[in-house]
Amino acid sequence: MKHAFPSVVSAILLIVAFAGCGKSDQSAGTTVPHPRPGSSLDDAALGNGIYCSTDVVAEGPVRLAGGSWSAEDAEGKQTLELGPPRARGDLDGDGREDAAVILLGSGGGSGVFVDLAVVLDRNGVPVHAASAPLGDRVQVHEIRIEGSDILVDVTQQGPGDPACCPTQNTTRKFHFADGKLVDTAPPPQAAPGAGEAPAPGTAAPAPGAAPSH
């Protein structure tokens with residue numbers, strides 16, 4: 001998929017941002033023209049930043065405008081949006097306030113793929129440093145930053161839930177280090193064989209009963 005950009009400058013900015021997507025080295029993003037030294041990442045800066053998605057936007061990073069981006073191609077309309085909520089804190093220990101944000105990506109189908117994204121402050125320029133997928137049509141209620149950890153309160157699909165209608169409330173936990181966002185509290189999984197009928201001649205265990213050996 002290819003989309004034209006308005007100028008050579010835009011293309012250069014995208015190349016610089018691509019170097020920052022998934023990396024957190026101190027040089028990432030510092031060559032972007034006209035940085036704002038010492039400024040924190042306000043909503044306007046985040047809403048006009050350059051991002052990568054783990055599920056859509058196959059051509060790589062794109063620049064949001066007012067918190068959203070879209071493009072039409074042979075496969076349909078692709079969109080990437082900056083969704084609520086978001087949180088701020090110093091994730092990489094450099095004394096600057098970084099951000100944890102939510103990206104909502106769609107490739108034209110019914111799915112809306114939700115990413116947790118780390119945005120670092122590089123001299124006032126937002127640099128998308130890492131992402132982790134939260135799932136399809138997951139509802140995000142709150143994000144909290146505690147040191148280099150990010151806690152995300154979500155409603156996600158539980159066992160038997162259709163993709164459209166998640167019902168399972170849980171807190172996901174991610175750790176940011178070395179340019180990577182690691183899921184340290186993955187979503188709970190259904191027990192092996194859950195939902196399967198008992199074998200003939202056996203009774204299903206009573207709720208709370210200890211498994212037999």
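Arg 137 lies in the loop between strand E7 and strand E8 (139-146), where strands (E, at least two residues) and helices (H or I, at least four) are DSSP runs numbered from the N terminus. The phi of Arg 137 is near 60°, a positive value in a residue other than glycine. This is a predicted model, in which local features need pLDDT of at least 70 and side-chain atom pairs count only at pLDDT 80 or more, while totals for chains, interfaces and linings use all residues. Residues are numbered from 1 along each chain as its sequence is written, and side-chain values use heavy atoms, leaving out hydrogens and water.

**Loop residues and accessibility**

- Arg 137 counts as partly exposed because its relative accessibility is 24%; buried means under 20% relative accessible area, exposed over 50%, and partly exposed in between (1.4 Å probe, protein chains only).
- Asp 178 is placed in the loop between strand E10 (168-177) and strand E11 (180-183), and its phi, near 55°, is positive in a residue other than glycine.
- Asp 178 counts as exposed, at 76% relative accessibility.
- Asn 123 lies in the loop between E6 and strand E7 (125-136) and, at 28% relative accessibility, counts as partly exposed.
- From C-alpha to C-alpha, Asn 123 and Arg 96 are 8.6 Å apart in space, with 27 residues of separation in sequence.

**Strand E5 and its partners**

- Strand E5 (residues 98-106) is largely enclosed by the rest of the structure, because 8 of its 9 residues are buried.
- Strand E4 (residues 76-89) pairs with E5 in the antiparallel sense over 8 bridges, pairing being assigned if DSSP finds at least two bridges between two strands.
- Within this pairing, Glu 81 stands opposite Leu 104 in E5.
- E5 also pairs with strand E6 (residues 113-122), in the antiparallel sense, over 7 bridges, and Gly 105 stands opposite Phe 113 in E6.
- A hairpin is formed by E5 and E6, with 6 residues between them; in the turn, Gly 108 has a positive phi of about 110°.

**A cis peptide bond**

- Pro 84 and Pro 85 are joined by a cis peptide bond, with omega about -10°.
- Pro 85 lies in strand E4.
- Most peptide bonds are trans, and most residues other than glycine have a negative phi.

**The disulfide**

- The structure holds 1 disulfide, a term for a pair of cysteine sulfur atoms within 2.5 Å.
- Cys 164 and Cys 165 form this link, with their sulfur atoms 2.4 Å apart.
- The link of Cys 164 and Cys 165 is left-handed, with -80° about the S-S bond.
- Cys 164 is partly exposed, at a relative accessible area of 47%, and Cys 165 is partly exposed at 39%.
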